[in-house]
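Have a look at it first.

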Amino acid sequence: MLKQNKHMWRVSVLTLFPDMFPGPLGQSLAGKALHAGLWALEPTDIRAQATDKHRSVDDTPAGGGPGMVMRADVLARAIDAVAPEGDPRPRLLMSPRGMPLTQSRVQALAEGPGAVILCGRFEGVDERTIAARGLTEVSIGDYVLSGGEIGALVLIDACVRLLPGVMGKEASGLEESFAAGLLEYPHYTRPAEFEGLTIPEVLVSGDHAKVGRWRREQAEKLTRERRPDLWASYLAKSRKPAPEG
Ligand code: SAH
């Protein structure tokens, strides 16, 4: 269960493209919760902190090479403007070099006060920004995006759906993929027959214990077949003997 927050979960996003927010987070359950004031989203334009006449936020990389690098001075001012010293929220930098986001990390973030998220563009940010403002790099996977905004949307979406009152059924968060370290079992609904395919007998049996066992078996089978990495840590955690063969 998610621990109840004392304060509203609040996320500040620093970006060159504030119009990308709330974007998809303004829709569906996350959007309803946003409009209902269950969480708050504050996008701010990094460019507002540029001081020169061209309002530049980036410059050429020291040492040469392609592309542009976001300036540490501009970024630091942008961070300080939304998260002065003493702001308890973790400061995150979307970055392919970060630790890949996991459900347990998402859960921990959702239980906290919110987040301050810096979205990179171009080749990324001046390295000094990271140390000077205590940023934690977070990746959403081993591929390269053109900017941090979509990554920030991913991270925020995953957190917001765990906040109390956001999802229709609180319980559904506990059963789904990764919650127990396994991928989720398959779902079915009406019609009973679709293009000649039926629903597994056990699911219409009305025997809840049997249904529970079947779902657990399916979850384990899928995880074993598709995600040997998850399966290995699941076995290690539950200290189950590995199946024969
Ligand atoms: N030159 C960098 C890539 C820069 S991509 C490199 O090779 O590592 C531009 C921005 O997109 C990054 O600063 C980061 O904020 C964002 N980004 C790209 N891929 C990402 C990923 N997998 N996860 C999170 N953010 C990512």
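Predicted model: local features only at pLDDT ≥ 70, side-chain atom pairs only at ≥ 80, totals over all residues.

Residues are numbered from 1 along each chain as its sequence is written, and side-chain values use heavy atoms, with hydrogens and water left out.

Q: How many residues of the shell around the ligand are charged?
A: Ala, Val, Leu, Ile, Met, Phe, Trp, Tyr, Cys and Pro count as nonpolar, Asp, Glu, Lys and Arg as charged, and the others, Gly among them, as polar. On that basis the shell holds 8 nonpolar and 8 polar residues, and the charged count is 1.

Q: How far is a polar backbone atom of Leu145 from a nitrogen atom of the ligand?
A: Here a polar contact is a pair of N or O atoms within 3.5 Å. Gly147 has a polar backbone atom 3.4 Å from a ligand oxygen. For Leu145 and the ligand nitrogen, the distance is 3.0 Å.

Q: Is Met70 buried or exposed?
A: Met70 sits in strand 4. Buried means under 20% relative accessible area, exposed over 50%, and partly exposed in between (1.4 Å probe, protein chains only). Because its relative accessibility is 0%, Met70 counts as buried.

Q: What arc do the buried residues of helix 3 cover around the axis?
A: The buried residues of helix 3 are Val106, Leu109 and Ala110. The arc is that of the directions from the helix axis to the C-beta atoms. These residues end up on the same side of helix 3 because their arc is only 100°.

Q: What do the buried residues of helix 1 pack against?
A: In helix 1, the buried residues are Ala30, Gly31, Ala33 and Leu34. The face turned away from them carries the exposed Ser28, Lys32 and His35. Counting contact as heavy atoms within 4.5 Å, the buried ones pack against strand 2 and helix 5.

Definitions and conventions
Polar contact = N/O pair within 3.5 Å; in protein donor to acceptor, adjacent residues only side chain to side chain. Helix = DSSP H or I, 4+ residues; strand = E, 2+ residues; numbered from the N terminus.
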